[in-house]
Amino acid sequence: MDNTGGNIPRFSIALISATALCYEILLARLFAIIQWHHFAYMIISLALLGYGVSGAFLSVFAERLRNHFAATFIVNILLFGLALPACFLLAQHIPFNAEEILWDWRQQVRLFGIYLLLMLPFFFAANAIGLSMMVMGGKISRIYAADMMGAGIGSALVIALLFYLMPNQVLQVLAVMAAAAACAAWIELRLPRNKYTFALAIALLLPVAIPNQWLELSMSPYKGLQQLLRIDGTQTIKTLSSPLGLVHVVESKIIPLRHAPGLSLYATIEPPPQLAVFSDGDNMTVINKAVANMEQLVYFDQQTSAAPYHLLNANTVAILGAGTGNDVLQALYHEIPDIHAVELNPQITGLLTGEFAEYSGNLYLKPQVQIHVAEARGFIASSRQHYDVIQIAMLDAFGASSAGLYALSESYLYTTEAFQDYLNHLTPNGFLSITRWVKLPPRDNLKMFATALQALENLKVEHPEKHLLLVRSWQTATLLVKKSELTGSDIEKIKSFCTNLGFDTAYYPGIEATEANRFNILREPVFFQATTALAGDTGAAFTRQYKFNIAPATDDRPYFFNFFKWGLLSELIALKDQGGIPLVEWGYMVLIATLIQAVAASAILILLPLIFSRKNLIPKDRYTAIGLLYFFSLGLAFLFIEVAFIQKFVLFLHHPLYAIAVTLAAFLLFAGMGSHYSKHLQTRFGYSSSVRTAITGIIVLGIFYTMGLGTLFSLLLPSTIFIKIPVTLFIIAPLAFFMGMPFPLALSTISESVPALVPWVWGVNGCASVISAILAMILAMHFGFTVVIVSALMLYLAAMLLFAGFPRANSVSR
């Protein structure tokens, strides 16, 4: 069974890599459903941990595995296929709660358990690929190319699968793909047909036989959907899935749903019957049942979001994030004749144009309403129309938002550049209207206020503070930004609106302390105090000194929901018993905990096996330090650029999952091509010249993209996704092509001259890669993507200088 005949199992390697990358991206989707979006970067890290641990494992057991290549290769593929569904199903039943991670040590242990369980499939996949490289060392560039190209194809394939299958069903498909890779390996290695061949054929069918109840997703009990389903008489009546989200429609037969955020305490008419709609188990919106006459919808005029309709007679309104149509109904109640409803997820709009059209009174089929299935920023950028009101709906749930679980979510809706786009598409007296939940101490509303001020300043507005209004209810606050200066009439209208409905005016030009905090009374008029400070001469100092991070978000640092400051952490922990813990940004804390665990896991599982293995005593020569530093730099630099580009392309490709899939596909596919070409380059010009050429290309392109990518995005943002995907591939292709060269070139020269150093540089590169995915995210949150990319370019430059000291660096192979 171990006579390979020197055949390279290229197809099976490509299929393993494709399946592994499908699984990596699928995990991001699955954890967005059962937990929250911030697990995406943990998943990239744990995938790399699996590959790093595999390198250490293979180096320790090299001789034993080398002598049984075919058997070990196929067994690892089969274990990979078995672990794909098994490890996820086990991991999702570990009772992890992010909100307890600081004060319950068991949550740290549970997170570490999840981390190790989900690493296992990648470990088995990496064993198969790494063993091939070990046995067929002279063909590393070809194996590496098959690996990278297969991974690139896989990261795009999973998107297609998610359009047609539920996320948990995709797990079965991936397990079948792994079994198919084992069968392909048997054929490629030209192994004889025997009883094992029949076993492989059976393995292809086993994943299909997994009972459906085993594959059900175990969603966090703290998510809104799970909370609602605890109520008697509630049931899910519709489920839809796509890469954009898992949508549930819930009916409550006994206790009626009544969802009206921030409704005035003076309201006397309750909302009509409603159906709840959840995306990924959270962010509840509702479909309102059709009413006989519009007067029954008067409650839409008794929310803070109705404020712009009391300030001007609007004709044209754009609603960004229209969802299930509550803001559209509000506009219809105010008799707006031209309503543009923009929604990214076609499944949401499909609910109201299809199965629930009659229930909603054909809301999205009314002649006044134009539906645009598009990303909000892209729609505004491409629109040639100007609007009297641009309204941004509340797109998140209060519970998750107040718990800081969106801290890692990039949102390009709330950046200064976005605000500038919105203001440029308003009519001369038009309003931008944004409603957010009220939190105490204030965070969201102040950051939104500061962002609006900065956007107005960037547009060279002389007195930005004269363009802003902020009104507050007991639960919501609405920020209004007028394109022109507010008039005395505007201020009187907003004061009248607030007085009649029991809302508080938190800010308007010239507001006095006695006019704030009158109805929904707080101990101190904190909204008034903070907004007047931000709008005054001491705004910058106030932002620096405020306990939470309320500095404006930008396209380079689009983490609007990150309010964390390290200086506040010890104070909040000390106030744990007095309610301080809920103010901690839990998404950020999970990221820090994951970084600590990534460092520990990579040191324990990658470096310690090498240290304690007598076969892998670190070589004591002058090349050791150079090699270790070179590969550590590459591990950090490659992932820094990859993660930064994933984040930057969220704006361009509309959705985090699209950005992860397309960006990873581009980097891996073209890096694979670069790796394949590196052998030809080295044969012609030598190792040193080849590495200098590759890294020079990386640095030049990196600088060019750092300076010009924002402008390019602005020009192409209005394009459709079908244009943007090939453009993304075209942009990334040359950079990734060069990035695929430095690793195999250096590995080849070390394997030829100091082979004992190979497992060490592999292990160090693995450690750096595990850490870098999370570290890049932290750096981006604090300093922006530009700093992350520049740091990567400096690391590549350091690697180029280090390579000059490599053995055989200046040799040319023939």
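The following legends describe close-up views of a predicted model.

In this predicted model, local features need pLDDT of at least 70 and side-chain atom pairs count only at pLDDT 80 or more, whereas totals for chains, interfaces and linings use all residues. Residues are numbered from 1 along each chain as its sequence is written, and side-chain values use heavy atoms, with hydrogens and water left out.

**View 1. The open sheet of eight strands.** The strand order is β7-β6-β5-β8-β9-β11-β10-β12, with mixed pairing. Strands (E, at least two residues) and helices (H or I, at least four) are DSSP runs numbered from the N terminus; two strands pair if DSSP finds at least two bridges between them. At the edges, β7 (369-373) and β12 (504-507) each pair on one side only.

**View 2. The pairing of β6 with β7.** Strands of a sheet pair through backbone hydrogen bonds, either parallel or antiparallel. Here β6 (residues 338-343) runs parallel to β7 over five bridges. Isoleucine 339 lies opposite valine 369 of β7.

**View 3. The largest nonpolar core.** Such a core is a set of buried Ala, Val, Leu, Ile, Met, Phe, Trp, Tyr and Cys residues joined through side-chain atoms within 4.5 Å, where buried means under 20% relative accessible area (1.4 Å probe, protein chains only). This core has 179 residues, and Phe73, Phe88, Ile641 and Phe645 have the most contacts inside it. Helix α21 (residues 623-653) contributes the most, with 19 residues.

**View 4. The second, separate core.** This core comprises 98 residues, including Ile348, Leu352, Leu446 and Ala516.

Notes: Buried means under 20% relative accessible area, exposed over 50%, partly exposed in between (1.4 Å probe, protein chains only).
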